[in-house]
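Good morning. Please look at the sequence and the model on the screen, and I will go through the pocket, the overall fold and some ring contacts.

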Amino acid sequence: MSISSKLYSFFKIVFPSTYIEFGVFLFFLCVYGILGSYIAVNYTVIFDDRIPWDAYFSFDNRSIVMTGGSFERHPLSYYFFNWLREFAFLFSDGKKNDVFRLVLAWTSNLMVSLSIVQIFKYLKNIIQLPLFIGLLLVVFFSLFSTAILLSFTPENFTYTLFLLMLFNYYAAVRIKNDKKISALALVAGGITIGGLTITNLVKVFIPVFFEKNLFKNWKKLLDAFTRGLLTVICFVLLYLNRIEFKYQNIFSKTSSQYEKFSNAEPASIWDMVVSFFFGGNMLFSSFIIRDKHNMKGFHYKGLFMDVYSSPVSYLFVFVVVGLLVWSYCKNFKNKLVQIIAISFILDIIIHCFMRFGLHTSYIYGGHFVFVYILLLGWLFYAYKSSPKMLSFLSTILCVLLIYLGYNNYLRMAEFFNFLNTFYQ
């Protein structure tokens with residue numbers, strides 16, 4: 001295949017390639033763009049040079065934009081956010097003003113809108129769902145708290161959402177056509193996805209294990225091992241270069257970070273699992289305002305999620321999780337379902353069992369929340385020949401969609417009250 005053909009295939013995967021995909025992209029770009037633009041122009045919460053972290057929902061906007069975040073968790077994001085910051089400065093004449101915030105918001109908006117296109121592509125081209133069901137699932141995702149917040153938030157999670165969804169779609173196309181994941185794609189995925197958040201590096205290798213006849217042919221197994229080793233070597237060399245080969249810092253910093261983010265217990269573990277990990281990425285809970293400071297004398301207010309107080313919210317989460325488990329069981333022999341399920345299980349282990357960041361796991365949705373929609377899509381696929389079951393599932397989804405939209409609209413109104421009070 002020529003270079004021009006490869007480039008064409010690449011752009012066809014990354015960007016909208018049909019009228020309906022382009023329409024989906026433009027719609028969400030406009031909707032999220034209006035939201036993000038209004039917040040960026042009228043409030044300082046997206047970027048305030050005095051506030052390093054926790055202005056809202058424990059996001060580290062200023063810290064991420066200026067440094068890329070901690071090297072032990074985000075090893076290569078320093079380079080990416082240097083570029084993003086300089087790009088924003090081009091429009092703001094080097095000032096950290098409302099134009100600077102506007103550019104940050106619009107790049108986030110672009111990434112989330114493209115992520116939704118990737119989800120739609122997966123539903124349409126891989127699962128091959130009817131257009132109505134595909135659009136219904138996309139709208140459902142667009143109202144998730146994670147999608148709403150990341151659409152204007154300059155954070156690692158915003159870009160991780162896009163990169164993970166893009167790689168999952170690309171891998172699904174390759175696996176479905178009985179082709180291997182190319183070495184270039186594996187290296188690029190490892191560097192970009194693992195570089196933004198190191199725990200996601202493992203997810204890049206999961207599809208490789210499901211390549212056709214991998215364990216029945218020693219040549220294919222050796223080729224897969226070589227591709228994986230090349231990816232690890234490239235990533236490790238870039239990582240070590242980032243920290244000037246002072247590898248001892250990795251272990252000391254990682255240990256301190258784990259202690260810091262695994263011991264907070266604002267609520268019982270099961271409630272944090274339900275309210276923050278499974279639910280907080282979809283359905284906003286009630287909010288808590290806390291006093292914060294930047295350790296340099298500046299005091300400000302931070303907004304955080306509380307556990308759910310309404311039985312309906314818990315019911316919503318249990319119904320969605322029940323549908324996901326149903327989908328997994330129904331499609332157990334489908335290797336594309338196994339790929340996304342194993343990826344999700346890794347996040348469950350990290351946050352729910354190891355309890356890393358469990359108390360703020362609602363901000364980690366960019367790592368896994370798209371899996372909800374893909375598994376729901378596969379559930380619809382499993383009953384494609386049963387009109388009654390399709391009607392039943394569609395009715396459930398519509399009820400969930402109505403409650404999700406109503407709840408998150410009210411919570412966003414509360415969020416704007418917070419901004420009007422403290423961040424004008």
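**The pocket and the rings**

The lining of the largest pocket takes at least two residues from each of α1 (3-14), α4 (77-92), α5 (98-126), α8 and α9 (183-196). Helices here are DSSP runs of H or I of at least four residues, and strands are runs of E of at least two, numbered from the N terminus.

Before going on, the ground rules. This is a predicted model, where local features need pLDDT of at least 70 and side-chain atom pairs count only at pLDDT 80 or more, while totals for chains, interfaces and linings use all residues. Residues are numbered from 1 along each chain as its sequence is written, and side-chain values use heavy atoms, with hydrogens and water left out.

Back to the pocket. A pocket is found on a 1 Å grid over the protein atoms alone, as an open set of points where a 1.4 Å probe fits, with protein on both sides within 12 Å along at least five of seven lines; lining residues have an atom within 4 Å of a point. The largest one is lined by 44 residues, and Phe10, Val14, Leu166, Tyr170 and Ala185 lie nearest its centre. What does the lining have by class? There are 29 nonpolar, ten polar and five charged residues. Nonpolar means Ala, Val, Leu, Ile, Met, Phe, Trp, Tyr, Cys and Pro; charged means Asp, Glu, Lys and Arg; the others, Gly among them, are polar.

Now the whole protein. It has 17 helices and two strands. The C-alpha trace spans about 65 × 55 × 45 Å along its principal axes. Of the 424 residues, 55% are buried, meaning under 20% relative accessible area, with exposed over 50% and partly exposed in between (1.4 Å probe, protein chains only).

Next, aromatic pairs. Rings of Phe, Tyr and Trp (its six-membered ring) pair if their centres lie within 6.5 Å; planes under 30 degrees apart are stacked, over 60 edge-to-face, and the rest tilted. The count is 55 aromatic pairs. Phe157 and Tyr364 are edge-to-face, because their centres are 5.2 Å apart and their planes are at 75°. Phe157 is in helix α8 (residues 156-176) and Tyr364 in the loop between α15 (335-353) and α16 (370-382), 207 residues apart. Both residues are buried.

Phe418 and Phe422 form a tilted pair, 5.4 Å centre to centre with 55° between the planes. Both lie in helix α17 (residues 387-422), four residues apart, about one turn of the helix. Phe418 is buried at 3% relative accessibility, whereas Phe422 is partly exposed at 36%.
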